[in-house]
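Here are my notes for your reading of this model. Please keep the structure open beside them and check each point as you go.

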Amino acid sequence: MKTMDLQELEKRFQEKIDKEIKIEPNDWMPDEYRKTLIRQISQHAHSEIVGMLPEGNWITRAPNLRRKAVLLAKVQDEAGHGLYLYSSVETLGADREATIDDLHSGKAKYSSIFNYPAVTWADIGTIGWLVDGAAIMNQVALCRCSYGPYARGMVKICKEESFHQRQGFESLVTLCNGTPTQKAMAQDAMNRFWWPALMMFGPSDDESPNSAQSMKWKIKRFSNDELRQSFVDATVPQAEILGLTIPDPNLKWNEETGHYDFSPINWDEFWQVVNGNGPCNKERIEARTKAKEEGMWVREAAMAYAEKRALKKTA
Amino acid sequence: MSNREWPLWEVFIRSKQGLNHKHVGSLRAPDATLALANARDVYTRRSEGISIWVIESNNVHASDPSDADSLFEPSDTKVYRHPTFYEVPDGIKHM
């Protein structure tokens, strides 16, 4: 290979991106592109894995066998999605276990939504509807990401997640058509999850300094505010069908823009939760760290067994 | 705590009888038996396959992307390898 200077390599890289040619693991890429993807994909993986915790808590408490089977399948999907993403991050040369250790040390973040507790059964339906709904909005955009392995993973994840949102909505339809107590439980869940769900799209565009570069590299296709607006526009009519009130007095249809207007987001709360002070941050990280540390002997035993068998074969 | 990670495996799935196995992703497992078991759980939760291959990733040898031009350009220029290169008189059927 001819030696090319960095500028020339970067120019060719950007030309590929502009022509919508996907970048694959062994292709040349700028260090910063690689770093951005490692950070984004590993944090996405962590979110899938941590996201199992609030819902996993309800598997044994599901109201009937159908809901229990559905919840089990959903939580198992989240584990699978975390694994697709960890293997994507490894294609960039990152060390899987090191990214997980970064989660446990607090260096790496995950979606702030999972630091809120799921305290009633209605929360499970609401998480499926709003949280998975917001995640799908984000992930559909990522299906066209310039990095091949991430984009392919997203396609598979989006296909699987559409059931997650529908099962949540269906569960809420049941509650909203139930007794006044059930309906009130659904409204209460809505009141607690609405704002955190809107925060899932991240800081507003003028507070999101890395966004412009990510858009230029086509890692991101839409800005945080654009995706948040699409989510609000899609969700308001769904809330109307459920007969639930969105906890925002300023929410109203704007004829001129063709979108719903809504109140400003409480970014202090967002940053508090991102920086470790949400209701469940400590509990979530403790649960993940414990799972790794207390499960380590299983990994070691499986490895020792595999080595013993391999040795026997060669002997 | 051990720092040794389980090896990485590449997973290939045959989606139905008559089709090739196709690469779908990778996973970590201590040996081939568990790699197959994990591949089933991770990559075939929705009837995606009827057969799985797993291959330890360090046994895969790949061409270098920077050699792609010299490797594949020669075949791009040989249009006479395709049937559409040739003209046949009108009225010839089944050729």
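1. In chain B, 42% of the contacts with a separation of 6 or more are between residues 24 or more positions apart. Please bear in mind throughout that this is a predicted model.

2. What does the secondary structure of chain B come to? It comes to two helices and three strands. Read from the N terminus, the order of these elements is β-β-α-β-α.

3. The overall form of chain B deserves a look. Its radius of gyration is 21 Å, whereas a compact globule of 95 residues would have a value near 12 Å. The C-alpha trace of chain B spans about 75 × 35 × 15 Å along its principal axes. Of the 95 residues in chain B, 23% are buried.

4. Next comes the interface. Contact between the two chains involves 28 residues of chain A and 23 residues of chain B. The size of an interface is often given as the accessible area lost when the parts come together. For chain A and chain B the buried area is about 2000 Å², and carbon and sulfur atoms account for 54% of it.

5. How many residue pairs are in polar contact across the interface of chain A and chain B? The rule finds nine, with both residues at pLDDT 80 or more. On chain A, the side that touches chain B draws at least two residues from each of helix 4 (65–90), helix 5 (96–105), helix 7 (148–176) and helix 12 (281–314). Helix 12 of chain A gives the most, with eleven residues. Sorted by class, this side of chain A has 14 charged, nine nonpolar and five polar residues.

6. Side chains of opposite charge can pair when their charged atoms come close. Over all chains, the whole structure has 31 salt bridges, and the count between chain A and chain B is six. One of the salt bridges between the chains joins Glu48(B) to Lys156(A), with the closest N and O atoms 3.1 Å apart.

7. Asp77(A) and Arg46(B) also form a salt bridge, and their closest N and O atoms are 2.5 Å apart. This pair crosses between chains: Asp77(A) is in helix 4 of chain A, while Arg46(B) is in the loop between helix 1 (32–43) and strand 3 (51–56) of chain B. Salt bridges with shared partners join Asp77(A), Lys156(A), Glu160(A), Arg45(B), Arg46(B) and Glu48(B) into one network.

8. Now compare two salt bridges within chain A. Glu15(A) pairs with Lys11(A), the closest N and O atoms being 3.8 Å apart. These two residues are separated by about one helical turn, because they are four residues apart in helix 1 (residues 6–18) of chain A. Glu15(A) is partly exposed, at a relative accessible area of 37%, and Lys11(A) is partly exposed too, at 47%.

9. The other salt bridge is between the side chains of Asp132(A) and Lys74(A), at 3.0 Å from N to O. It links distant parts of the chain, since Asp132(A) is in helix 6 (residues 121–142) of chain A and Lys74(A) is in helix 4 of chain A, 58 residues apart. Asp132(A) and Lys74(A) are both buried.

Notes:
Residues numbered from 1 in each chain as written. Chains lettered and ligands numbered in written order. Predicted model: local features only at pLDDT ≥ 70, side-chain atom pairs only at ≥ 80, totals over all residues. Heavy atoms only, no water. Contact = heavy atoms within 4.5 Å. Buried area = accessible area lost by both parts, 1.4 Å probe. Salt bridge = Lys/Arg side-chain N within 4 Å of Asp/Glu carboxyl O. Polar contact = N/O pair within 3.5 Å; in protein donor to acceptor, adjacent residues only side chain to side chain. Nonpolar A, V, L, I, M, F, W, Y, C, P; charged D, E, K, R; others polar. Rg over C-alpha atoms; globule rule 2.2 N^0.38 Å. Buried < 20%, exposed > 50% of the residue type's maximum accessible area, 1.4 Å probe, protein only.
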